[in-house]
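Subject: Structure handover

Hello,

Here is the structure we talked about. Please open it beside this email and follow along.

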Amino acid sequence: MTPLFIRLRTLPTALVIGVLLLVLVAVAAFSATIGAAGIPLSRLAAALHLLDGDPAVVVRDQLVLYAVRLPRIVLAAMVGALLAVAGAIMQGLFRNPLADPGLVGVSAGAGFAAALSIVIGDRLLAATLAKLPVEILPATAFVGALAATSILYSLATRGGRTSIAVFLLGGIAIAALANAGIGLTVFMADDRQLRDITFWLLGSLGGATWSKVAAVAPFLVAIAVVAPFMARGLDALVLGETEAFHLGIAVERLKRVAIVLIAAMVAAAVSMAGIIVFVGIVVPHLLRLAIGPRHRTLLPASLLLGAILLVAADTCARVVAAPAELPIGILTALTGAPFFLALLMRQRALVGL
Amino acid sequence: MSALEARGVTVEVGAARLLDGIDLRVDAGETVAIVGPNGAGKSTLLRVLAGEIVPRRGEVALKGCPLARYKAAALALNRAVLSQHIVVTFPFTAAEIVWMGAGDRRDAAAAALVEAALAEADVAHLRDRIVPTLSGGEQQRVQLARVLVQLACAVQAHGPPVLLLDEPTASLDLRHQIMVARLARDRAAAGMAVVAVLHDLNLATVFANRILVLDRGRLAADGPPAAILTDELIGRVFGVASAVNRTPPPGVPFVLPQVMTEPDASSA
């Protein structure tokens, strides 16, 4: 309750968003300069048509930038944004700062459905020698994420009250079940399918292309359109579902929309980048401490900070083990898990554990 | 047209009948206390009146229109509810919680309503405090202030609303208990209908101009405190032998329960 704390909380939303946007651009620009073929900042401006430069160098830099680096940065930003907003919405829905789609089996559900579709789809298509269409993965991942979220919600909610203990324990069980399912598909898979599945298990942005960016973009647009209308309802939900109803919130509709959105966002992120945990828990929590829990600011700020964090993490993943790449899922788990433990210790009185 | 009218409300959970054919009319300007022993159905009745529970049989009309015909947003502008034990899990400040009573409004008039409510519920000095760090009684008063803002917004939208309170004084000290009772009477004087579940009979007599006694899901008595609270009723419904006394004029009844009645006396 320092004065600084209250001052930060009362910052206008526009200022918070503006600052985060600037940081995102700076981190993205920095990330664009890093890699096997280095592009110093001085040449980055030329490659982006902002300045004139040596034509031969510019052409080479542009090739690296537009074919490899930019799609990867944009995809990382989008995936991070989706995961962070999905976490923020899920925490609001369950009134629980420990909720994260990656922890409670939603990501694993999406990953399992995707892994299953790789193995089964591949077998079915083997006779025709056709290649498994890329578009099928987001669709099956969506079904898996939706199933996991719905099961979790109906498990944890009885008579309008959501039990945090049942929610966390149920989430662990769902995650275990989905992970067992993934193990089973690994067992059934041949070498080539195994390589594809491993991608889900570790999480990576290595295969980023502009077509993947285009596939994820609609999800981000959808959330940007819908989220502002959910802010007041999610705020009111902190008092409990019945109190939110007393305040005039159509709670059942809000819950349905939130569950479908969470599932869609996680499915989009998981189908493009695999299972990346802890972004959804770290980002909204940091922001609640800094700028307060009101969703009108929290949701857009989570979107931007999630993007910043994942672009930064992916840059690290590209650098620390160069020329090899560290799977980003491992990196976020390595840094996110200690953070989660610290959070749990600080808040265990609050969540009644 | 009554502010609130229940007709033949029956609520069953499994084989248990929690409410059995309750008929009830509350008019604008009334303060009604619902009292009764544990498990009598007091909170269930309040939740039916609030629209949280749809009764198995019967219906509730708010300002002449069945509750089922209201959308949540319209309902919020015609009745407000203060529940017990609201647990806030995120670090909202008291002022942010109180603002929730204003819905989508962010205008200067709403800000004035928020300020007035913060002062009236005696939480103005807590406005920047994080709600989960406040004491139980302080949190309850913050929630009260939020409900006061909702009431004021409802008045501006559709005229005097209905106010429903579930044990509003449970975690409050003596001074704030009386503050809540006075607030409720003020609101009734301003044309609202106020219904509160209370378990303290003495507070009920101060609070309400009409007491409704529930016993095992049925109405055992309904009327002004002075007429309702008798030695016989308290012995029969609560199973406690007591002599109802009177304060000096105006002669408000008060009860000092002393001895449990024998089982055969309570069924007599």
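Predicted model: local features only at pLDDT ≥ 70, side-chain atom pairs only at ≥ 80, totals over all residues.

**Chain A as a whole**

Chain A has 14 helices and two strands. Its C-alpha atoms fill a box of roughly 65 × 60 × 35 Å along the principal axes. For 353 residues, a compact globule would have a value near 20 Å, and chain A has 21 Å, which agrees. Of those 353 residues, 50% count as buried. Now look at contacts with a separation of 6 or more. In chain A, 79% of them join residues 24 or more positions apart.

**Helix H2 of chain A**

Find residues 13-33 of chain A: this is helix H2, with 21 residues. From first C-alpha to last it reaches 31 Å, close to the 30 Å expected at 1.5 Å a residue.

Which residues of H2(A) are buried? They are Val16(A), Leu20(A), Leu24(A), Val27(A), Ala28(A), Ser31(A) and Ala32(A). These residues cover an arc of only 135° around the axis, so they sit on the same side of H2(A). Here is the rule to remember. An α-helix has 3.6 residues a turn, so residues three or four places apart point the same way.

After H2(A) comes Gly35(A), with a positive phi near 150°.

**Helix H12 of chain A**

At 1.5 Å a residue, its 13 residues should span 18 Å; the end C-alpha atoms of H12(A) are 18 Å apart, which agrees.

Why is H12(A) described as largely enclosed by the rest of the structure? Because 10 of its 13 residues are buried. Among them are Val279(A), Ile281(A), Pro284(A), His285(A) and Arg288(A). H12(A) is followed by Gly292(A), whose phi is positive, near 90°.

**Two domains in chain B**

Chain B is divided into domain 1 (1-78 + 162-225) and domain 2 (80-160). Their C-alpha centres lie 21 Å apart. The contact takes 23 residues from domain 1 of chain B and 20 residues from domain 2 of chain B.

Look at the domain 1 side of that contact. Strand S7 (162-166) and helix H6 (174-189) of chain B each supply at least two residues there. H6(B) gives the most, with five residues. By class, this side has 15 nonpolar, four polar and four charged residues.

Last, select Val35(B), in strand S3 (residues 31-35) of chain B. Is Val35(B) buried or exposed? A residue counts as buried at 20 or more other C-beta atoms within 10 Å. Val35(B) has 28, so it is buried.

What does Val35(B) touch, leaving aside its neighbours within four places in sequence? It is in contact with Leu198(B), His199(B), Leu201(B), Ala204(B), Ile211(B) and Val213(B). Also compare Val35(B) with Ala196(B). They are 161 residues apart along the chain, yet their C-alpha atoms are separated by 8.7 Å.

Best wishes

Key
Residues numbered from 1 in each chain as written. Chains lettered and ligands numbered in written order. Helix = DSSP H or I, 4+ residues; strand = E, 2+ residues; numbered from the N terminus. Buried ≥ 20, exposed ≤ 12 C-beta atoms within 10 Å, placed from the backbone. Contact = placed C-beta atoms within 7 Å. Rg over C-alpha atoms; globule rule 2.2 N^0.38 Å. Domains from an automatic or database assignment. Nonpolar A, V, L, I, M, F, W, Y, C, P; charged D, E, K, R; others polar. Expected span 1.5 Å × (residues − 1). Arc of directions from axis to C-beta.
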